Amino acid sequence: MNAQERPSAVIVGVDGSPVARAALVWAVDAAARLGRRLRIVHGLGLPLVTGTFAGPASERFRSGDAAREAGHALLVESAEYARSTRSDLHVATVLAPEDAPEVLLDEAGHGDVIVVGSRGLGAVRAIVLGSVSLRTSSRAPCPVVVVPGAEPGPRRGRVVVGVDGSESSRRALRFALDHALATDAEVVVVNSWEVPLPEDPAALAAGAQLSHEEMFDRQSEEVVAGVLAEVIDDRNQAVEISAVRMQADPVDALLEAGGDADLIVVGSRGRGGVRGLVLGSTSQGVLARARVPVAVLPPHSEETD
């Protein structure tokens, strides 16, 4: 059964590391609260074609067998943890020869949620080479949640989401509201701006009666109101919503507002490639510095199959 034929699931990657364990803990709780199945996957990263100088065949086979046995044992242990924590949870496991990002992407479809652990995403070297979380969040067909190394603490009942009036931020807000409904949380909508320096003459002319700060504050208020008006509907209108608007860098604003949140949600405009990752964006900046789980909404995460 492929990703399009099965019920929606929370898909988590495990590799035996503490950060992957934290991702598993988060995924188990999320699957139970969202009423979804849990799929635990492990990618062996074994080469499909072995080169001439890769060593004797017997050694390669023994190495591959050992990796498969270890991967199987890891999946069994992870599934036992999930079932012991949430006895009513439907749990499936997947062991595949590809590396972790490819397995996660192969397993995921629209309507799923991918969960991975974070591995020091602030390092330029890791960004250039591509980590599991960055490679997956830029290509996934569904939301990707990146969980920091520490296992999640007590729930605070707060989901923080960044909005800027773009379609990517509307995707983020819709996901934040859905998650809040399922987890009985409030949603904090964050919008920020930075006053341009030197002053823009055109902006000054447009706001002759207002200071720069007042003008941007008014624009921010309009952005927040507009996005909420577009996204709020009969299904999610019961969610408690508040707004934080501030003059600050968007990454700083989200990290400040979401420092004690259960989840920070950001959109992604899909600016893929090494250049985009190295130069940074709001989503990658938040991923690099957040101490709480971060959900990234890739460009195609709301499509239907």
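A salt bridge here is a side-chain nitrogen of Lys or Arg within 4 Å of a carboxyl oxygen of Asp or Glu. This is a predicted model, in which local features need pLDDT of at least 70, side-chain atom pairs count only at pLDDT 80 or more, and totals for chains, interfaces and linings use all residues. Residues are numbered from 1 along each chain as its sequence is written, and side-chain values use heavy atoms, with hydrogens and water left out.

**View 1. R170 and E167 pair up within helix α6.** Let us start with a salt bridge between the side chains of R170 and E167, with an N to O distance of 3.0 Å. Both residues belong to helix α6, which covers residues 167-183, and they sit three residues apart, about one turn of the helix. Helices (H or I, at least four residues) and strands (E, at least two) are DSSP runs, numbered from the N terminus. R170 is buried, at 15% relative accessible area, while E167 is partly exposed, at 36%. Buried means under 20% relative accessible area, exposed means over 50%, and partly exposed is in between, using a 1.4 Å probe and protein chains only.

**View 2. R170 also forms a salt bridge with E230.** Here the closest N and O atoms of R170 and E230 are 3.3 Å apart. This pair links distant parts of the chain, with R170 in helix α6 and E230 in helix α8 (residues 212-231), 60 residues apart.

**View 3. D252 meets R289 in a salt bridge.** The N to O distance between these two side chains is 3.0 Å. D252 lies in helix α9 (residues 250-257) and R289 in helix α11 (residues 282-289), so to speak a link between distant parts of the chain, 37 residues apart. D252 has a relative accessible area of 33% and R289 one of 44%; D252 is partly exposed, and R289 is partly exposed too.

**View 4. R156, R158, E186 and D260 form one network.** Salt bridges that share partners join these four residues. By the rule given above, the count comes to 14 salt bridges.

**View 5. A185 is a buried loop residue.** You will find A185 in the loop between α6 and β7, the latter being residues 186-193. The relative accessible area of A185 is 10%. Leaving aside neighbours within four places in sequence, A185 is in contact (heavy atoms within 4.5 Å) with R155, G157, R158, V159, A180 and V239. For A185 and V159, 26 residues apart along the chain, the C-alpha atoms are separated by 6.6 Å.
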